[in-house]
Amino acid sequence: MSNPIRVAVTGAAGQIAYSVLFRIASGQLFGKDRPVHLNLLEIPQAMGTLSGVVMELEDCAFPTLAGVTVTDQAAVAFDGIQWAFMIGSRPRGAGMERSDLIRINGPIFVGQGEALNRSADNVRVLVVGNPCNTNCLIAMNNSDVPPERFSSMMRLDQNRAKALLAGKAGTPVAAVSHLAVWGNHSNRQYPDFENAQINGQPVTAVITDLPWLQETFVNTVQERGAAVIKARGSSSAASAANAVLDHAAAMMEPTRAGDWFSAAVRSDGSYGVDPGLVFGFPLRTHADGSQEIVQGLSLSTWARGKFDHVLNELRTEREVVKDLLKKS
Ligand code: NAD
Ligand code: LMR
């Protein structure tokens, strides 16, 4: 077995982590021959709960789990790590929007962004805590880690969109491809059915019910997080953890030829998005592990309206946290 990969998970005593940790420790993400050392970050009040999670990790006897470090210090958690899963933050409750969390959770990503300077040169950072795109912007702007190593999670939205389209078309989920979710992980996101495909055909040729696509589909994806909260009494956790693993795998493995996946990364100005904003784009991963923003997708006037709506939302979020953006 090779040297352990060092992975930090913040919010390690929380709901999402309770699903993520066991899947990472089992070798599902980095492979059955790659040992993993987990650095678990929590606030002091959650250490008791976290000790129980650590007992359970031990009790799984995963051959790939090389060790666990538990800490309430970000500088310790991020020391020498190759992956940071930044989950730790407050979830919203019923009746709230994710952006209502911005001044509660945003400050967490100032100090943790700085602490990421202790990570390995090849670190990758995934921000999950909401509002995740703007929290990612904050972490990125407070860190010397190169911006291209940061991303935030649109994958749960992509997965939701694929499942809905597959259900409507009566096809397996794997038949749905080329699914871009533009913009923000919010109820203004635009899940792009115009450029998506089912069995290699445009979605609009397979599902000809345009009102369903423009209204039911888009609204259902946009509001799915709130629907889960209403039904479950707390926010999505297992599906979010699943999306974390999907996202991380998509960042490491070459994308299937011609296809793309969705994640939020720092804009380079593509599609008219302000450079520096963390925005959901269609991405491809190359064999060397680098990502490119897929260029040249066309958007109808109707879709561009949705796009501009979510772009403006992210501009507003940036304005609300401008005092937390040290480098801007
Ligand atoms: P949770 O309340 O169950 O767990 C969050 C954990 O974070 C808690 O244990 C808490 O003690 C810890 N925490 C709080 N502040 C911290 C800090 N400064 N450092 C380290 N840990 C800290 O919540 P959850 O269900 O696990 O959700 C976590 C976050 O993920 C929420 O903000 C939620 O809205 C978000 N989320 C995002 C997506 C997405 O697609 N981006 C999906 C689901 C949930
Ligand atoms: C989700 O999309 O399920 C999460 O972001 C949780 C939420 O607040 O909706």
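By class, the shell around ligand 2 comprises 2 nonpolar, 5 polar and 3 charged residues; here Ala, Val, Leu, Ile, Met, Phe, Trp, Tyr, Cys and Pro count as nonpolar, Asp, Glu, Lys and Arg as charged, and the others, Gly among them, as polar. The model is a predicted one, in which local features need pLDDT of at least 70 and side-chain atom pairs count only at pLDDT 80 or more, whereas totals for chains, interfaces and linings use all residues. Residues are numbered from 1 along each chain as its sequence is written, chains are lettered from A and ligands numbered from 1 in the order in which they are written, and side-chain values use heavy atoms, with hydrogens and water left out.

The shell around ligand 2 consists of Arg 92, Arg 98, Asn 130, Leu 156, Arg 160, His 185, Gly 225, Ile 229, Ser 235 and Ser 236, a residue being near a molecule if one of its heavy atoms lies within 4 Å of it. Asn 130 places a polar side-chain atom 2.9 Å from a ligand 2 oxygen. Taken alone, ligand 2 exposes 260 Å², of which the protein buries 94%; these accessible areas come from the Shrake-Rupley method with a 1.4 Å probe.Two elements, α7 (155-169) and α9 (210-232), each give two or more residues to the shell around ligand 2; helices (H or I, at least four residues) and strands (E, at least two) are DSSP runs, numbered from the N terminus. Because domain 1 (5-151) and domain 2 (155-320) both contribute residues to this shell, ligand 2 lies between them. The domain bounds come from an automatic or database domain assignment.

Ligand 1 is surrounded by 27 residues, the closest being Gln 15, Glu 42, Ser 89, Arg 90 and Asn 130. Its shell divides into 13 nonpolar, 12 polar and 2 charged residues, and at least three come from each of domain 1 (5-151) and domain 2 (155-320). A polar backbone atom of Gln 15 is 2.8 Å from an oxygen atom of ligand 1. Nitrogen atoms of ligand 1 also take part: one is 3.1 Å from a side-chain N or O atom of Gln 112, and a backbone N or O atom of Val 128 lies 3.2 Å from a nitrogen atom of the ligand. Taken alone, ligand 1 exposes 860 Å², and the protein buries 86% of that. The elements giving two or more residues to the shell around ligand 1 are α1 (15-25) and α5 (108-115).

Two backbone features complete the picture. Most residues other than glycine have a negative phi, and most peptide bonds are trans. The peptide bond from Asn 130 to Pro 131, however, is cis, with omega near -5°, and Pro 131 lies in the loop between β5 (124-127) and α6 (132-141). Ala 61, although not a glycine, has a positive phi of about 50°; Ala 61 is found in the loop that joins α2 (47-60) and β3 (65-71).

Notes. A polar contact is a pair of N or O atoms within 3.5 Å; within protein, one must be able to donate a hydrogen and the other to accept it, and residues adjacent in sequence count only if both atoms are side-chain atoms.
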